[in-house]
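Have a look at it first.

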Amino acid sequence: MALSNVYERTIKVLQDMAEKEGDVYVIHNRPTQQELATMVGSSREMINKVMKELTKGGYISVDEKILRIETTPPASW
């Protein structure tokens with residue numbers, strides 16, 4: 001994982017945290033961007049960019065404390 005870029009590490013962490021519920025994967029009590037940055041080994045600003053792109057692409061949706069992985073994100077960015 002150390003040789004992966006921030007996008008790939010973020011996807012990996014999100015997938016590891018998610019639980020399958022029906023057709024989607026869900027993270028209850030989702031981590032903050034700062035917590036995610038610490039887990040990934042990146043800055044909060046870079047996590048913000050990755051999360052915006054994933055949301056804009058329709059791969060994830062965020063609602064209060066729940067993050068849903070709607071479709072499988074691309075392997076690389």
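Two strands count as paired if DSSP finds at least two bridges between them, and the strands (E, at least two residues) and helices (H or I, at least four residues) are themselves DSSP runs, numbered from the N terminus. This is a predicted model, where local features need pLDDT of at least 70, side-chain atom pairs count only at pLDDT 80 or more, and totals for chains, interfaces and linings use all residues. Residues are numbered from 1 along each chain as its sequence is written, and side-chain values use heavy atoms, leaving out hydrogens and water.

| Pair | Bridges | One bridge |
|---|---|---|
| β1 and β2 | 3 bridges | Glu 21 with Val 24 |
| β2 and β4 | 4 bridges | His 28 with Ile 66 |
| β3 and β4 | 4 bridges | Ser 61 with Arg 68 |

What sits in the turn between β3 and β4? These two form a hairpin with 2 residues between them, and Glu 64 in the turn has a positive phi of about 55°. β1 and β2 make a hairpin too, also with 2 residues between them, and there Gly 22 has a positive phi of about 70°.

Now for helix α3, which covers residues 44-56. Its buried residues (under 20% relative accessible area, 1.4 Å probe, protein chains only) are Ile 47, Val 50, Met 51 and Leu 54. Seen down the axis, they fall within an arc of 100° (taken from the directions from the axis to the C-beta atoms), so they line one face of α3. The face turned away carries Lys 49, Lys 52 and Lys 56, which are exposed (over 50%). After α3 comes Gly 58, with a positive phi near 80°.

Conventions: Expected span 1.5 Å × (residues − 1).
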